[in-house]
Amino acid sequence: MAERSFAKEVQHLKIGAGETFRGEGILAITKALLENGVGYVAGYQGSPISHLMDVLADAQDILSDMGVHFEASASEATAAATLAASVHYPIRGAVTFKSTVGTNVASDALANLASGGVTGGALVIVGEDYGEGSSIMQERSHAFAMKSQIWLLDPRPNLPSMVKAVGDGFALSEASNSPVMLQLRIKSCHLLGEFEARENVRPSTTVKDALENPKRDVERIVLPPASYLHEQEKVTKRLPAAIEYIRANKLNEHFGPKQGKVGIICQGGHYNGVIRALQRLGLANMYGDCDVPLHVLNVTYPLLDDKIIAFAKDKDSLFVIEEGHPAYIEQNIRAILHKAGARCAVEGKGPLPEAGELTGQILLDGLSSYFSNAAPDLMPSVARAPNAPPQLKMPELADTVPARPPSFCIGCPERPIFAATKLVEEELGPHHIASDIGCHLFSINAPFDLGSTTMGYGLGPASASAFNDKSANRRSISFLGDGGFWHNGLTSSIGNAVFNENDGVIIIVDNYYSAATGGQDILSSRADNVSKSTQHPIKKAVEGMGVKWVRQIDRTYDVGKMQATLKEALETPETGPKVIIASSECMLNKQRREKPLAKNAVSEGKRMTRTRFGVDEDVCTGDHACIRLSGCPSLSLKTLDDPLRDDPVASIDQNCVGCGNCGEVADAAVLCPSFYQADLIQNPSKIDRTLSEWRTKIITKLQKRRDARRLVFSKDLS
Amino acid sequence: MSDIIKLAVLAVGGQGGGVLTNWIADLATRCDYAVQMTSVAGVAQRTGATIYYVEMAPKTDRQPVFALSPSPGDLDILIAAELMEAGRAVLRGFVTPDRTTLIASTHRILATSEKMVPGDGRAKDALVESEITKAALRSVCFDMDTLATNAGSMISASLFGGLARSGALPFETAQFEAVIEASGRGVAQSLAAFRAALNYEPTADTFVKKHNETVNGPKNLLSDWHALSDQVKNFPSDAQDMIKAGLQKTVDYQDIAYGKTYLSHLQTLSPELTQTAAKYIANAMCYDDILRVADLKTRASRQTRLRTEQDIPEGEIVHVTEYFHPRAEEICGTLPARLGAWIEARPKMFQLLDKLTNKGRRIRTDGIIGFGALWIVSALKPYRRQLLRHRYESAHLDRLLKITQQSASKDPQLAIEILACQRLIKGYSDTHLRGQSKFDKVLSVLDALEGREDAAEWIKRLRTAALEDEKGDALDGALATVRSFT
């Protein structure tokens with residue numbers, strides 16, 4: 001059901017030692033898990049590791065052939081808790097989700113896991129959704145690793161290094177009895193490259209073995225007095241063991257000359273960016289041979305004090321390249337050197353900005369400014385007097401180019417929900433609207449401009465909790481998606497609203513699966529899934545939770561009905577939460593599934609209807625009210641070849657999928673009669689043909705009759 | 001380091017930027033280059049601006065260190081799949097005159113912010129086209145989307161052709177084609193689109209298309225029409241084209257007599273106003289009522305246009321459903337003026353009528369009943385002048401003409417700007433009401449502007465403001481300024 005299928009690609013996961021594996025970062029990680037004898041894998045989808053979950057789901061057969069258990073978890077908390085299987089048993093386990101929101105959700109389980117410690121290697125693969133293209137608040141996973149004593153790997157962003165980090169992570173985890181977090185940055189997940197494969201290895205102990213031979217050790221359970229001991233153990237046993245492993249196996253790397261007046265320490269994930277900046281400054285060649293000592297931290301937590309001290313020795317200054325705020329690594333290095341009484345100066349934030357992504361330009365500027373102060377003699381002439389052309393200033397261009405934020409797809413069933421909300425607000429006035437995570441959050445952008453806050457996945461209605469004043473004559477409206485509902489919304493939002501007798505209106509946007517992350521199945525999915533139990537209606541769950549007022553709308557495109565239902569919810573005297581479940585399938589996925597089927601059916605000669613919408617250009621007056629209530633990408637503008645017209649008219653392009661939203665909106669908002677629906681009958685039946693001939697005959701007759709009595713103007717191209 | 005070729009693709013989500021980037025990576029691999037490709041998927045796929053990035057270098061026994069994202073001033077090739085994305089690339093510094101080859105399709109995918117403006121909010125294409133070319137070392141810029149569509153393919157194929165055409169990559173055309181051939185799906189169409197961009201001749205369609213108007217009908221009407229259209233020659237020559245268009249519109253809308261009325265209205269205005277008046281008086285006379293919609297929707301020409309627009313092949317069957325939602329206002333407007341006004345004056349009657357009629361109606365105009373119903377409504381045309389709506393619209397036109405004439409003697413430019421305010425009135429039902437109220441608001445300041453030299457300038461400003469947003473916030477702001485004059 002997922003948006004992208006990796007069915008073909010996952011076959012490469014079977015290749016053996018010596019062969020070259022070519023593919024995306026996420027596929028490489030999956031291969032690495034198999035090569036390292038993983039026993040179980042779990043996770044929760046979310047950019048940038050959504051596709052890792054899709055890869056794993058598509059690789060299920062391969063995994064189970066190897067005796068590896070895979071599951072798509074209900075949430076990141078579930079995924080993290082799954083690692084409990086490695087607490088008592090020597091099974092290697094890996095879970096994956098996005099950071100930092102996933103890490104936040106998983107924090108309870110992660111902290112408990114880290115407290116008791118593990119026996120089998122426990123790897124948390126976090127997709128770092130940070131920087132350009134990210135869709136979440138910008139925070140660092142680093143803090144998480146430090147507070148719970150989870151070791152943090154940040155490998156160089158190339159496939160061999162990333163694959164190696166998986167193996168290192170498991171081994172480090174086992175050597176130190178601690179979970180390990182493997183940080184994969186957004187672009188490395190989708191990086192296409194290659195590496196030399198090794199043989200896949202079956203897990204030495206499987207979950208089956210463990211189930212049949214249960215073990216328990218009360219010292220590993222997080223309850224006093226054991227929990228006090230865990231805290232001590234982390235510092236006295238596990239940390240030294242981790243440090244010893246990192247040192248012995250040289251997980252961090254050194255590049256460039258051994259000696260130098262200055263040196264650079266960077267996070268592994270930024271190695272390529274740093275090399276690129278050095279290349280541009282003339283201090284490195286295309287293979288990464290550089291003129292400055294470069295210490296690369298593939299393990300960013302913990303740091304090895306003696307290694308840092310040794311690197312700083314004989315140097316006048318160090319430049320720490322670290323992304324984001326706070327600068328934990330820089331602070332750590334300063335503390336290490338200060339304690340050791342080292343004289344070496346430390347630079348970091350200063351030449352680099354306090355916060356924000358370390359883009360190519362920022363690294364170039366940062367390194368350039370660092371070198372010109374700390375080691376001007378090092379700078380080759382190119383770097384000192386760059387022959388760059390002056391940046392063109394184009395103020396007019398800047399004023400002209402419009403912003404293009406992401407929005408609902410063509411035919412998206414969520415658009416009519418917000419059109420209806422906008423219409424209701426036009427009638428009843430503005431309301432407090434609490435938004436949630438998911439595609440439906442695009443409602444905050446034009447043309448809908450609806451929604452005030454977003455507090456977390458499944459927390460839309462929860463974030464309207466305070467707005468529960470019986471004497472107020474207006475109710476709050478909150479949204480959450482089906483993904484968010486099953487993730488956390490059922491209890492945190494719906495249960496909470498029932499328990500606290502919140503009178504607000506809750507709209508659950510149900511598009512048949514977790515659409516925003518790529519169409520992964522969830523409990524209420526309508527599709528049958530061979531390995532999952534689906535078809536559990538949201539309505540039943542909501543009613544089971546105690547909601548009395550529930551309305552199910554099975555075709556969101558019915559804007560009039562949406563509008564009437566929302567209005568009723570806002571006005572009914574009924575107390576307690578009013579829940580509207582607005583269901584229609586995600587059009588992106590529906591088209592992906594149905595288009596080829598329809599094409600086949602047509603070529604097989606079956607009677608099919610192809611629906612598209614159109615705008616009568618001579619009826620449209622060019623006010624664009626329809627666009628302000630729709631925003632469909634296929635509803636655009638065109639200029640008419642008519643000197644009497646000033647403004648462009650609405651026009652629907654060939655990408656229309658015939659969802660009907662524009663026509664419904666025109667009807668519900670009483671806009672104009674320009675919209676029409678055109679159903680092309682493919683492979684018509686005999687009845688179709690006869691009827692059509694009849695109709696055409698009569699219609700043509702009527703048209704001719706009228707045309708005979710009036711002037712008919714027409715335009716011919718000369 | 002100069003041996004690394006750096007290439008970025010800027011596209012709008014859903015355009016197939018990933019396909020193109022994969023082709024480029026395949027091409028480089030086939031030509032024995034080490035290549036790395038990165039992209040940012042996820043929400044960016046949903047119609048937002050997206051970036052794909054490729055680096056490549058000749059293969060050796062050592063692996064080059066490639067960066068994961070493009071840097072300003074450090075790109076050899078920039079491919080933009082849409083004109084404004086090319087503009088964005090330039091603004092972000094990804095196109096620099098010292099080294100960047102720009103390959104851009106100049107077609108537009110309008111942003112929501114451009115489309116939702118009640119007037120014309122579209123960005124200026126010409127400005128962007130000239131600026132992006134200035135910013136690049138070399139550029140290959142033309143509409144590659146149309147080329148792809150004509151070839152039955154996607155823009156990724158024609159952009160790939162544009163890339164081959166630019167010569168910015170050290171690979172032969174045959175190698176490009178081999179990549180497409182190996183891709184396996186829609187190969188023939190992709191190759192056609194690829195070659196269309198590769199061999200595109202920029203001069204092909206620059207001549208201006210001219211329309212030849214033809215008119216058919218019964219003899220008596222034709223001779224009346226020719227007599228009437230001959231009168232256009234009596235008007236100022238620069239306004240004649242517009243008058244011809246207006247005359248045709250009014251006659252087509254109603255009848256020959258209506259066209260005569262149109263010309264007589266124009267005659268009451270001084271010659272310097274004629275051009276503007278020709279446009280707006282025609283528009284004011286041809287208001288959008290149910291009769292007009294029914295007429296337009298039942299024409300043979302409409303069927304032909306619909307079939308072209310919807311790609312319905314000759315002989316195929318198409319079912320057409322119209323989305324109508326008439327309210328009591330529209331029904332009353334279509335009644336004889338006295339009856340309609342009588343109902344409107346009685347709120348209870350009016351509400352009852354509204355209750356009976358105000359709902360969405362789906363009408364099948366390919367069917368006998370649906371078509372027949374509209375045909376009958378359109379057959380009421382000869383009685384239009386007796387309907388209530390005509391009474392309202394005539395009053396509006398009279399007012400427009402009166403105000404225009406009053407101003408014309410003192411300030412002809414002001415009169416022209418007043419006429420142009422007819423542009424504000426458009427749409428149906430609420431939209432029409434809102435337009436009418438904006439029109440009234442703009443003209444309400446005429447007293448305050450009395451005697452001011454910049455009165456015309458102010459009316460123009462107010463009108464422009466009125467077209468900026470739906471609710472009229474910009475207009476209200478501007479109005480407040482004008483009112484502060486007195």
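Predicted model: local features only at pLDDT ≥ 70, side-chain atom pairs only at ≥ 80, totals over all residues.

Biologist: Switching to rings, how many aromatic pairs does the structure hold?

Modeller: Over all chains there are 23 aromatic pairs. One of them joins A:Tyr44 and A:Tyr457 edge-to-face, with 6.2 Å from centre to centre and 65° between the planes. This pair links distant parts of the chain, 413 residues apart, since A:Tyr44 lies in the loop between strand S2 and helix H2 of chain A, and A:Tyr457 in the loop between strand S16 and strand S17.

Biologist: Are A:Tyr44 and A:Tyr457 buried or exposed?

Modeller: Both A:Tyr44 and A:Tyr457 are buried. Another pair, A:Trp151 with A:Tyr301, is tilted, at 6.1 Å centre to centre and 35° between the planes. A:Trp151 lies in strand S6 and A:Tyr301 in strand S12 of chain A, so this pair ties together parts that are 150 residues apart in sequence.

Biologist: Why does A:Tyr301 count as buried?

Modeller: A:Tyr301 counts as buried because its relative accessibility is 12%, and the cut-off for buried is under 20%. A:Trp151 is buried as well, at 0% relative accessibility.

Biologist: Which residues form an aromatic cluster?

Modeller: A:Phe408, A:Phe418, A:Phe442, A:Phe448 and A:Phe479 form one aromatic cluster. Rings also meet charges here: the charged end of A:Arg551 sits over the ring of A:Trp549, 4.0 Å from its centre, and in chain B, B:Arg384 lies over the face of B:Tyr253 at 3.7 Å from the ring centre.

Biologist: On to the interface, then: how many residues does the contact take from each chain?

Modeller: The contact takes 148 residues from chain B and 119 residues from chain A. Between them the two chains bury about 11800 Å², of which 55% is on carbon and sulfur atoms. There are 55 residue pairs in polar contact between chain B and chain A, and strand S8 of chain B (residues 317–324) gives the largest share of the side of chain B that touches chain A, with eight residues.

Biologist: How many salt bridges are found across the interface?

Modeller: Across the interface of chain B and chain A there are 22 salt bridges. One of them is between A:Lys638 and B:Glu309, with the closest N and O atoms 3.3 Å apart, running from strand S22 of chain A to helix H14 of chain B. A:Lys638 is partly exposed at 26% relative accessibility, and B:Glu309 is partly exposed at 23%.

Biologist: What about a salt bridge within chain B?

Modeller: B:Glu114 and B:Arg108 form a salt bridge, their closest N and O atoms being 2.7 Å apart. B:Glu114 counts as buried at 2% relative accessibility, and B:Arg108 counts as buried at 17%.

Notes: Residues numbered from 1 in each chain as written. Chains lettered and ligands numbered in written order. Heavy atoms only, no water. Phe/Tyr/Trp six-rings, centres within 6.5 Å; stacked < 30°, edge-to-face > 60°. Helix = DSSP H or I, 4+ residues; strand = E, 2+ residues; numbered from the N terminus. Buried < 20%, exposed > 50% of the residue type's maximum accessible area, 1.4 Å probe, protein only. Lys NZ or Arg CZ within 6 Å of the ring centre and 35° of its normal. Contact = heavy atoms within 4.5 Å. Buried area = accessible area lost by both parts, 1.4 Å probe. Salt bridge = Lys/Arg side-chain N within 4 Å of Asp/Glu carboxyl O. Polar contact = N/O pair within 3.5 Å; in protein donor to acceptor, adjacent residues only side chain to side chain.
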